[in-house]
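This note sets out a few points for a colleague who is new to the structure. Please read them beside the sequence and the model.

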Amino acid sequence: MRAQTRQGLRSLARPPKGTRRRALTTTAAMAIAVMTPGTLAPPASASAPAPAPAFASVRPDAVQQPLDALVRDGGMPAALASVKDRNGQTRTYTAGVADLATGSKVPRDGQVRIGSNTKTFVAVVVLQLVAERRMALDDKVDSHLPGLVRGEGIDGRRITVRQLLQQTSGLPNYSNYLGDDVRYYTPRELLATALRHPADFAPGTSWKYSNTNYVLAGLIVQKVTGRPLAEEIDRRVIKRIGLRHTYFPAPGDVTIREPHPHGYYRESADGPLRDITEIDPSWGWAAGQMISTGSDLNRFFSALLAGRLLPPAQLARMRSTVPAEATFGPGARYGLGLVSRPLPCGGLSWGHGGSFPGYETRGGATDDGRAASVAVTVQLTDEPSRRNLERAVDTALCR
């Protein structure tokens with residue numbers, strides 16, 4: 001089974017403002033299971049194992065309750081959380097069901113499509129190459145991909161690598177313009193789609209989220225290293241810090257390898273849910289193609305903040321931020337592939353978040369070692385639902 005949402009392509013891995021109508025594309029031979037809204041909210045006692053015993057910084061009930069509410073009140077088929085305290089102790093939580101057709105239990109710490117959390121992995125690889133003096137943040141795109149980036153108000157001789165990573169290039173977002181084809185996309189096709197449209201603004205003069213920036217960053221990584229982006233992420237990040245359940249799907253791989261909850265799509269607020277777990281993720285590529293678990297994401301962001309992936313100078317540049325409230329909410333700021341958000345209990349969390357057809361993830365880590373990741377199995381379409389998900393993360397980080 002393959003399925004694809006046009007709005008999913010547009011919103012790839014970011015929390016978009018407002019609610020827009022979403023279209024589900026299918027092929028004639030495609031069989032998609034349709035679930036009714038009434039199957040969404042089984043009793044919490046039937047859908048989730050009992051919480052683990054309390055530990056120092058997080059009371060299990062404080063984490064379990066918002067997960068149950070996401071399922072019971074928010075209509076999510078399933079919710080998953082992984083929470084790490086200052087001492088490195090981790091607890092995982094679930095609510096709902098993994099498969100609406102069978103009512104199977106949600107796998108603890110199951111794999112999900114992590115959408116734009118992929119961007120942080122790509123940014124780390126770029127900054128590692130900067131630390132190795134194989135490239136510089138102030139390099140122009142044309143110095144690595146000569147003549148490739150041209151369009152109306154678009155010139156790769158004027159756009160820097162830093163502007164790509166910080167979303168200040170002005171490049172149009174290719175995922176706003178993808179059609180309904182259910183097929184494999186090459187990175188160059190995604191870029192070409194963007195370049196058919198005018199720039200949003202002159203480079204460095206404003207901020208606007210665009211997945212095109214990270215497609216270009218991925219192409220630059222490949223040009224500088226001479227190796228596929230997926231191999232560089234695997235070698236430089238995944239294996240380096242021991243992420244056992246994280247990977248970049250190979251071309252044509254529409255599946256999720258390990259135990260996972262099914263992902264669902266709903267065209268309207270009162271419409272049925274359709275299972276779209278299996279989907280060609282190539283339109284996300286460097287902007288949002290990866291798969292992981294909550295615990296692996298916590299390990300990744302914690303290792304990043306602790307300096308295990310970047311030297312101090314490059315980590316400091318990554319954490320140099322500009323306002324990004326229009327996309328990521330009150331007080332949010334965007335660094336180089338890294339988002340900071342103020343916590344209600346004080347301080348900041350650092351992460352990214354991701355949105356992909358069938359899944360939505362939010363999470364973050366703090367400088368004192370706390371980390372939390374929460375995922376639901378529907379791509380969210382409205383601002384209240386996204387804020388409820390973010391509040392669940394805040395609760396986990398602040399208790």
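In which sense do strands β16 and β17 pair, and over how many bridges?

1. Strand β16 (residues 354-356) and β17 pair in the antiparallel sense, over three bridges. Pairing here requires that DSSP find at least two bridges between two strands; strands (E, at least two residues) and helices (H or I, at least four) are DSSP runs, numbered from the N terminus. Phe 356 has Tyr 359 in β17 as its bridge partner. The two strands form a hairpin with two residues between them, and Gly 358 in the turn has a positive phi of about 105°.

2. The model is predicted: local features need pLDDT of at least 70, side-chain atom pairs count only at pLDDT 80 or more, and totals for chains, interfaces and linings use all residues. Residues are numbered from 1 along each chain as its sequence is written, and side-chain values use heavy atoms, with hydrogens and water left out.

3. β17 is also joined to strand β18 (residues 371-376), by six bridges, and these two strands run antiparallel. Gly 364 has Ala 372 in β18 as its bridge partner. Five residues lie between the strands of this hairpin, where Gly 369 takes a positive phi near 100°.

4. Strand β17 (residues 359-365) is mostly covered, with six of its seven residues buried. Buried means under 20% relative accessible area, exposed over 50% and partly exposed in between (1.4 Å probe, protein chains only).

5. Helix α10 (residues 294-305) is mostly covered as well, with ten of its twelve residues buried; among them are Phe 300, Phe 301 and Leu 304. Gly 307, which follows α10, has a positive phi near 85°.
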